[in-house]
Structures are given as structure tokens and as C-alpha cells.
Amino acid sequence: MAQLNPFVFNRPVSAEDLIDRDRETVQMLRLVEGGHAVRLSAPRRYGKTSLLRRLGDEAEMAGMNYVEVDFYGVLSRLDVAGRLEDAYETLRPGPQRIARAVIQTLRPAVSVGAAGVRLESRPQPEERLGRRLMGLLDLPVQLYERTGRRTLVAFDEFQALLAVDPGIDGLFRSRIQRHGEAASYVFAGSHPGLMAQLFGAHERPFFGQARSLPLEPLPNSDIVEHVGKRFAATGREVGPAIEPLLDLAAGHPQRAMLLAHHLWERTPDQGVAEAEHWQAALRDTFAEQDDALRATWDALEVKERAVFTALATGEPVFGARTLERFNLSKGGAQHAREALAHAGHIRRLDDVWRPVDPLLARWVIEFQHNGGKDLH
Ligand SMILES: Nc1ncnc2c1ncn2[C@@H]1O[C@H](COP(=O)(O)OP(=O)(O)OP(=O)(O)O)[C@@H](O)[C@H]1O
Ligand SMILES: [Mg+2]
């Protein structure tokens, strides 16, 4: 029977596919069981949602309810209400019935027209929507009163709320700070600048309100073990190709899985992944990712591209040669570095600023060497 590729790279993965992160799971579970709030900040595609799901499973096993709200792309308070309602749909049947009943009472009234036609009530005034949101945010209290169980609420892509309106984090805080025994909260987000704005700015309601848990790159030893096992379980051997894979992935979880996926695809059934298979996998990866990498690159300011290039090639950003090469002032370079960090394109690890996405970094290096010509 043909084997299926065991490396998932384009959606949150289940606990058995999650490399490492045991320490983070245990730490978060302890905190939320104790009623503390946690802020899970990590770059894009670092496994935040996967980790939330694992935490959710463990929280349920420990007797809590688990609710995961995804705020990605929310634009209005009405959207926020919809996302909260959707999240309670995934509860287990018992608490779900309770939540549904409460949600029903919060929905805009539906009146019956003269001919028996159902008429949605006219768009609700702000105040009604505000009350509905408060009711939805307070759902854990109702669940606690009825089930005696604490609810763990995970707000994924929490920073997206900032796009809704400037007061919405105040509304959230004003409700959830009363939840005491009833709920614990995890706030996950990938945009460092916006997360810092929500939790790090004195004037904002969530200032200093949650324990911060960063996600570090994965250790190479764990990646080797995971990739080796998955190859072996599907009749292949990873062989010498693991070295360049580790070098390129630099501990980035999704990039490591993406590269492993392509490498597996290129390795013959019952065969060993050799250098030639790695080269083919690399070409496949870049061919597939080219549009996305280019779009990211094109969205950067010219000075940001210069600083990113310097960091990707390991040149000192403020060195005289770098500044001259890119026609940058020190102030300009500083500003561009801050903008890159704010948007999550670079991050400081072991006191060194590094590109977050190793594929983008490699793409940029190759691009430079090709004198701006296409890679393929
Ligand atoms: N610890 C891990 N072990 C194995 N794979 C991982 C791990 N963390 C992330 N991944 C890989 O990254 C991919 C994306 O994971 P996930 O969606 O959980 O990340 P995310 O941080 O929520 O991403 P986004 O920023 O896009 O929301 C997964 O499909 C998987 O390939
Ligand atoms: Mg996610």
C-alpha cells in the first residue's frame, strides 16, 4: 500500500505530531489551573494554535471546559460576538447545551411578521450589541454555576482585536477580571508589536495582566528524532540529508516540517534520503513558496529589506560597510530594524537579531547572488 506523507505543515497539528513543547504545556497547565492568565507570544507558524489544542486536551482531562476563540481577521464587534459563539459550539455536549441556551437568550430578537414570515429585527443598536458581547464574555460564569467546572478560554490571534476598535480590550478586561474561579485565560498572538501594545503599554487595560510564555526554536536533536521516526515508520530512511535540512530550518517548526515533507516526497520508497533528494526537495520547496516569499518581501520598505539582508547574510547592521552598501544612516537602520521586529520578521535570540523565517533569509541570499534574477 502506498504510504502517505507523514509531515503536516499547513494546519495546526495534534498532540502526537507536536515536537517537544512538553515543558511549555506543563507550565501553562499549572498556571491556568491556578487561575492565572498566560500570554503565548511566538512568531507566525511557531505552533501556537497546535499548542493551545494540546493544552485544551490536557485541561479537559484535568476536569476543565475548554473553549478556543479564533480572532483572526475580525473587523467589528459583531464579528467578535460571532467568533465567541462559534467557539462555544465546540464544547463537550453537556456544557455545550448550557452555553447554547444562554447564547440563544443573548441573540437579537426575531419577530414574526403578519404573514407568519420570520423577520430579523433591524440592525441592533450599539447598546444591545454591547450587552450581547458582555453576556458572551461572561459565559464561563454561567458554566461554572451549572457545572462547577472552570473554563479555560484561549483567545487565539488576540492582537486582531486591535483592528476592531480602540475600546474593545477595555470591555474584555472589565468582564474577565471578575471571573475568578470560573475561568482562566490564554492570550496567543503572533504579531510582537501589537501584542506588546496590548500587554506592554501602561495606558492599556491588559497592561501587565498575563504571564508571558515565549516559544523558542525547536532543538535540532528533537527534530532529528521526530523526522527519523516518521521516515522509518513509512519505510524510508532520512540519511545524510538531515544535516542540510537542520541547517536551513534553524529550529523553525513549520519550516522544518515543510522541508521534511518535500524531502520525504523525493525519497524513493524503501530508500535513503541522499544529497540529490535534498537538492530536489529544496527546489520543490522554493518553487512552491516563491509567491508567498516574494509577497512578504515586496511588502517591506526598502530600508527594511536592506537591514533584513544584512541580518540574513550575517553582516553587522551598523558596520560602516553595511551602511555604505545600502546607503543607510545609523538612525535609518535602527528604525528599519525596529519596524522589522515590530512586524515579527526578525527576533532577538541569544542577544543576536535573526530573521524569523529561515526560508525568506535563504531566498534573499540566493536572490542577491543571482543579481536579482529569479531563483529557478
Ligand atoms: N512543535 C511542533 N512540532 C511539529 N510541528 C510543528 C510544531 N510547531 C509547529 N509545527 C508546524 O507548524 C505548522 C503550523 O502550526 P500552527 O498552526 O499550530 O502554528 P501557529 O503558530 O498557530 O501558526 P499561525 O501563526 O499561522 O497561526 C504545523 O502544521 C506544523 O507543521
Ligand atoms: Mg495559529
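This is a predicted model: local features need pLDDT of at least 70, side-chain atom pairs count only at pLDDT 80 or more; totals for chains, interfaces and linings use all residues.

Trainee: Which residues of H13 and H15 meet?

Mentor: On the H13 side they are Lys303, Glu304, Ala306, Val307 and Phe308. Their partners in H15 are Gly332, Ala333, Ala336, Arg337, Ala339 and Leu340. By class, this contact of H13 with H15 comprises seven nonpolar, one polar and three charged residues.

Trainee: At what angle do H1 and H2 pack, and how far apart are their axes?

Mentor: Helix H1 (residues 22–33) packs against H2 at about 55°, and the axes are 10 Å apart. H1 is therefore oblique to H2. The crossing of these two helices, H1 and H2, is right-handed. H1 contributes Glu24, Thr25, Met28, Leu29 and Val32 to the contact, while H2 contributes Leu51, Arg54, Leu55, Glu58 and Ala59. Six nonpolar, one polar and three charged residues make up the contact of H1 with H2.

Trainee: Is the crossing of H5 and H7 left-handed or right-handed?

Mentor: The crossing of H5 and H7 is right-handed. Helix H5 (residues 126–137) and helix H7 (residues 168–176) pack at an angle of about 45°, and 9 Å lies between their axes. H5 and H7 are oblique to each other for that reason. Leu133, Met134 and Leu137 of H5 meet Leu171, Phe172, Arg175 and Ile176 of H7. The contact of H5 with H7 holds six nonpolar residues, no polar residues and one charged residue.

Trainee: I turn now to the ligand. How many residues surround ligand 1, and which are the closest?

Mentor: Ligand 1 is surrounded by 24 residues, of which Gly47, Thr49, Ser50, Pro253 and Gln254 are the closest. Helix H2 (48–61) and helix H11 (253–266) are the elements that give two or more residues to this shell. The shell around ligand 1 has eleven nonpolar, six polar and seven charged residues.

Trainee: Into which domains is the protein chain divided?

Mentor: The domain assignment gives domain 1 (21–214), domain 2 (220–296) and domain 3 (300–369). The centres of domain 1 and domain 2, taken over C-alpha atoms, are separated by 37 Å.

Trainee: Why does ligand 1 lie between domain 1 and domain 2?

Mentor: Ligand 1 lies between them because domain 1 (21–214) and domain 2 (220–296) both give residues to its shell. To read such a site, one may begin with the shell and then consult the domain assignment.

Methods:
Residues are numbered from 1 along each chain as its sequence is written. Chains are lettered from A and ligands numbered from 1 in the order in which they are written. A residue is near a molecule or strand if its C-beta atom, placed from the backbone, lies within 6 Å of it. Helices (H or I, at least four residues) and strands (E, at least two) are DSSP runs, numbered from the N terminus. Ala, Val, Leu, Ile, Met, Phe, Trp, Tyr, Cys and Pro count as nonpolar, Asp, Glu, Lys and Arg as charged, and the others, Gly among them, as polar. Domain bounds come from an automatic or database domain assignment. Axes are lines fitted to C-alpha atoms, for helices over the stretch in contact, and angles run from 0 to 180 degrees between N-to-C directions. Angles under 35 degrees count as roughly parallel, over 145 as roughly antiparallel, 65 to 115 as roughly perpendicular and the rest as oblique. A crossing is left-handed if the near helix is turned anticlockwise from the far one by less than a right angle, and right-handed if clockwise. Two residues are in contact if their C-beta atoms, placed from the backbone, lie within 7 Å.
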